[in-house]
Amino acid sequence: MAQDTEVLVVGGGSTGTGIARDLAMRGVDVTLVEKGNLTNGTTGRMHGLLHSGSRYAVSDQASAAECIEENRVLRDIASHCVEMTGGLFVKRPEDAEEYFEEKLRGCRECDIPAEVLSGEEARAVEPYLAKDVEKAIRVPDGAVDPFRLCVANAISAENHGARIETHAEVTDLLLDDGDVTGARVRHESGKGPRTHGTPGTTEEITAEYVVNATGAWAGQLGAMADVDVEVRPSKGVMVVMNVRQVDTVVNRCRPKGDADIVVPHETTAILGTTDEEVADPEDYPEEGWEVDEMIDTLSELVPILSEARTVRSFWGVRPLYEPPDVGSEDPTDITRDFFLLDHRERDDVGGLTSIVGGKFTTYRMMAEQISDHVCGKLGVRASCETADVPLPGSEDESVLEDAMDDYGLRSPVARRSRQRLGSRADDVLDTDGPNPVVCDCEGVTRAEISDAVEQSGTDLNAVRIRTRASMGNCQGGFCCHRMANVLADDYDEPTVRASWDELLQERWKGERHALWGEQLSQAALNYALHATTMNRDRDPADMDADVDFSAFDAGEGTATHPGSDAPSHTDGRRTGGERGDS
């Protein structure tokens, strides 16, 4: 029986896109489906730390060794997605000296470069560290952009023949005599390149093999094949500050606990995090005290955080997995390792394998192992190349330096464009017309927005994660409508309005947890801009009744102004009774 695809990958996060890329590079016909946009789940809701492995150097040295290995790989193949900030594990007076020494020893045992700095030397690296920080261990932590990394994997997979379908939710798995043979998918997207299916329609995709890469949702997909996948979702809060209070990843050097890391990310710093098991990965409380705890506790390391402006907060859910019969009660005790569950061997259900657990930093390694496994099932002998072949956009670091003069951009904007676009900078920035900055906070130009629209169609949220537009200090107050204006070049008005509203709602849901001080003023200003001058809270175009637009402007040649007996000029100006007349 002919199949629609050899392998159907379910899940468009780091692991799913990594698997699709790996298999496609080996010549396997791959289709990936994701119910939202790429990074819709856990991948898009992390603090952006590229682990050096130091975090696990005491409690889990196997994971630590994997992290430093993949840390080096990602620096090679995805340099345009990684900022090597370096990291500090800092010790305060109340932190145990024994643990500091244990951390240092663990790093060296795992081949993680580790250097001890005095408190004074650490403050020379990070001037805003607390004055009572006694010493620190410097390690090769970094910051990584999960959005661009996943998109780069998806582009690479497509370049090798894969089909990538976002906004395509699996509603059921197809079964034949108990074995999985594909999935029933409901397409939900609108117009544009992001969709190949008609919105509202259902498609059955048959496959020789299905990979469950849905992370914290793996149990829900497994249930469609009547198999148990014991995922234990654990939520964690991240708090976004207005600027980079630190340029280095700052960790608290103490045993595991909440609120122990500050990650510089683009123009911001992200504080994290908590670890609390939840029953449903999509329905859990988001508490204000969690945000307060991040700021209060991490201010012990970086005191300036207590006075800084908090622009938003968000929660993510870890896809922790614990094999049956372990029975950990504390989610922090559950391993961060990953597991490959062959459901033929485990549950006597063929055609399906789940990948669960793991960490973002080791996504490529996870993808390699499951691709080896799937290729073994299919009889494919090609080997993995993902550790050696650069991802799209990372090949040439010098392109933007040349592009700065070529495109007449201010150097900071050009530098950031180069970082985001990598080797695609020439193609994207080579425009015929003007290329103004659309997002002032992040320095994103119209050409980048147009390029992202070409990739993601009507989804302005997808444009956001590709470019970082609307993710700066104003949280979209001054650029969401400009992004919608770019979208209007190619799409009709109702589509643009719907996408604009979706973007505004996405921005608001994170801001609502940080409404105090300057951020409250910013949110009020954003509301004033979008609601009172552009009607985004009560748009006449969304009303059922017809709108009498002539009531707003009588127009040229109208004899009288609506609602008035006074004559008007042919240009619409009234002849008397205007403000200023006595």
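**Gln475.** I started at Gln475, which sits in the loop between helix 14 and helix 15. This is a predicted model, so I read everything below as computed. Is Gln475 buried or exposed? Its relative accessible area is 2%, and since the cut-off for buried is under 20%, Gln475 counts as buried. Next I looked up its contacts, skipping residues up to four places away in sequence: Gln475 touches Val311, Arg312, Ser470, Arg507, Glu511, Gln519 and Asn526. With one of these, Arg312, there is a polar contact of 2.4 Å between the side chains.

**Cys474.** I then moved to Cys474, in the loop between helix 14 (460–467) and helix 15 (480–487). Cys474 is buried as well, with a relative accessible area of 6%. Which residues does Cys474 touch, leaving out those up to four places away in sequence? I found Cys441, Gln522 and Asn526. Asn526 also turns up among the contacts of Gln475. I checked Cys439 too: it lies 35 residues from Cys474 along the chain, and their C-alpha atoms are separated by 9.6 Å.

**Whole chain.** Time to zoom out. I count 17 helices and 22 strands in the chain. Of its 582 residues, 56% are buried. For contacts between residues at least 6 apart in sequence, 70% join residues at least 24 apart. The accessible surface comes to about 24,600 Å², and carbon and sulfur atoms hold 46% of that.

**Sheet 3-8-4.** I picked out an open sheet of 3 strands, in the order 3-8-4, with antiparallel pairing. Why do strand 3 (49–50) and strand 4 (82–83) count as edges? Each has a single partner strand, so one side of each is left without a neighbour in the sheet. Strand 4 runs antiparallel to strand 8 (residues 142–144), and 2 bridges join them. In that pairing I noted Val82, whose bridge partner in strand 8 is Val144.

Strand 10 (residues 168–176) pairs with strand 11 (residues 179–187), antiparallel, over 8 bridges. Ala168 has His187 of strand 11 as its bridge partner. What is at the turn? The hairpin has 2 residues between the strands, and Asp177 takes a positive phi near 55 degrees.

**Cavity.** How many cavities of 30 Å³ or more are there? I got 1. The largest cavity has a volume of about 220 Å³. It is lined by 17 residues, and the closest to its centre are Arg148, Val151, Arg420, Arg424 and Arg466. I traced the lining back to the helices: helix 5 (146–159), helix 11 (411–421), helix 13 (446–456) and helix 14 each supply at least two residues.

**Second largest pocket.** I put its volume at about 1,000 Å³. Of the 46 lining residues, Asn40, Arg45, Arg464, Glu506 and Lys509 are the closest to the centre. Helix 5, strand 16 (268–272), strand 18 (310–321), helix 14 and helix 16 (493–511) each give at least two residues to this lining. Which element gives the most to the lining of this pocket? Strand 18 does, with 6 residues. Helix 5 and helix 14 were already on my list for the cavity lining.

Notes
Residues numbered from 1 in each chain as written. Predicted model: local features only at pLDDT ≥ 70, side-chain atom pairs only at ≥ 80, totals over all residues. Heavy atoms only, no water. Helix = DSSP H or I, 4+ residues; strand = E, 2+ residues; numbered from the N terminus. Buried < 20%, exposed > 50% of the residue type's maximum accessible area, 1.4 Å probe, protein only. Contact = heavy atoms within 4.5 Å. Areas by Shrake-Rupley, 256 points an atom, 1.4 Å probe, with all protein chains shown as cover. Pairing = 2+ DSSP bridges. Polar contact = N/O pair within 3.5 Å; in protein donor to acceptor, adjacent residues only side chain to side chain. 1 Å grid on protein atoms, 1.4 Å probe; cavity = no way out; pocket = protein on both sides within 12 Å on 5 of 7 lines; lining within 4 Å. Points joined across faces, edges and corners; volume = space filled by probe spheres on them.
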